[in-house]
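Keep the view open as you read.

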Amino acid sequence: MSCILHIETSTDICSVAVSEDAQVIYEQENHDGHNHAVQLAPFVDEAIRFAENHAIPLDAVAVSSGPGSYTGLRIGVSTAKGIAYGRNIPLIEVPTLKLLATPVLLYHEEIEENALLCPMLDARRMEVYACVYDRALRPQRGDKAVPVNYRGVQPEIVTEESYLEFLEKGPVYFFGNGAEKCKGVITHPNAHFIDDIVPLAKHMAPLAEMAHARRQFVDTAYFEPFYLKEFQATVSKSLL
């Protein structure tokens with residue numbers, strides 16, 4: 001049995017959840033914008049109090065690890081680290097792009113067995129952070145060699161030729177806040193778009209539970225979110 005606290009702050013939505021054996025037993029979220037610095041601490045306090053009131057000790061804390069908002073990820077990861085340190089429990093990272101794909105797999109039965117999933121996070125202008133997965137959430141390689149490691153994902157400019165190597169082979173479903181601006185650009189008949197898919201803490205449970213069972217923890221002292229590393233690298237280069 002495992003009880004995991006989940007923290008998701010990669011976009012303008014702030015959400016927290018508690019799961020027991022991958023079943024969500026508590027959740028709270030706010031969609032009002034970038035107020036994570038104000039919202040997250042009370043959300044976490046209430047979630048921990050809920051677990052304690054039900055005599056359920058926390059076994060781990062999971063945090064959405066990017067890509068995503070620099071400020072949001074920094075706040076979420078800092079909070080998760082503090083809890084992991086203070087309670088001496090392991091820290092689990094959940095890649096945000098995989099997290100986005102989870103509700104699609106859980107709730108969209110219309111998706112074909114051979115379909116590919118392409119979660120997209122808005123970067124800037126016509127750029128997105130994206131990765132192509134199969135239904136087992138294994139990153140797929142095409143002619144452009146989509147990175148196997150999500151930390152290798154870079155902002156990509158979307159054109160009408162983007163993802164053709166996948167679209168020519170079968171259906172591809174695009175979703176996330178980066179997919180909306182691609183609807184008028186990616187017009188291949190095999191391209192499908194799913195609206196209103198956002199990263200939420202309650203959808204972290206299956207991925208975090210699997211990581212916990214496999215003891216796939218990160219080093220609490222040295223772990224940093226994806227976007228934070230990219231930001232630091234950019235600053236370092238600008239100073240050279």
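A residue is called buried under 20% relative accessible area, exposed over 50% and partly exposed in between, with a 1.4 Å probe and protein chains only. Gln-39 is buried, at a relative accessible area of 12%. Its place is in helix α1. Contact here means heavy atoms within 4.5 Å; beyond the neighbours within four places in sequence, Gln-39 is in contact with Cys-14, Asn-30 and Gly-33.

This is a predicted model: local features need pLDDT of at least 70 and side-chain atom pairs pLDDT 80 or more, while totals for chains, interfaces and linings use all residues. Residues are numbered from 1 along each chain as its sequence is written, and side-chain values use heavy atoms, leaving out hydrogens and water.

Helices (H or I, at least four residues) and strands (E, at least two) are DSSP runs, numbered from the N terminus. Here are some to locate:

| Element | Residues |
|---|---|
| Helix α1 | 36-53 |
| Helix α2 | 70-87 |
| Helix α3 | 96-107 |

Now to the sheet. Two strands pair if DSSP finds at least two bridges between them. The order β8-β7-β6-β9-β10 makes an open sheet of 5 strands with mixed pairing. β8 and β10 stand at the edges with a single partner strand each, so one side of each lacks a neighbour in the sheet. β6 and β7 pair in the antiparallel sense over 4 bridges, and Arg-124 stands opposite Glu-127 in β7.

Finally, helix α2: among its buried residues are Leu-73, Ile-75 and Lys-81. Asn-88 follows α2, with a positive phi near 55 degrees.

Technical notes: Axes fitted to C-alpha atoms, helices over the stretch in contact; angles between N-to-C directions. Expected span 1.5 Å × (residues − 1).
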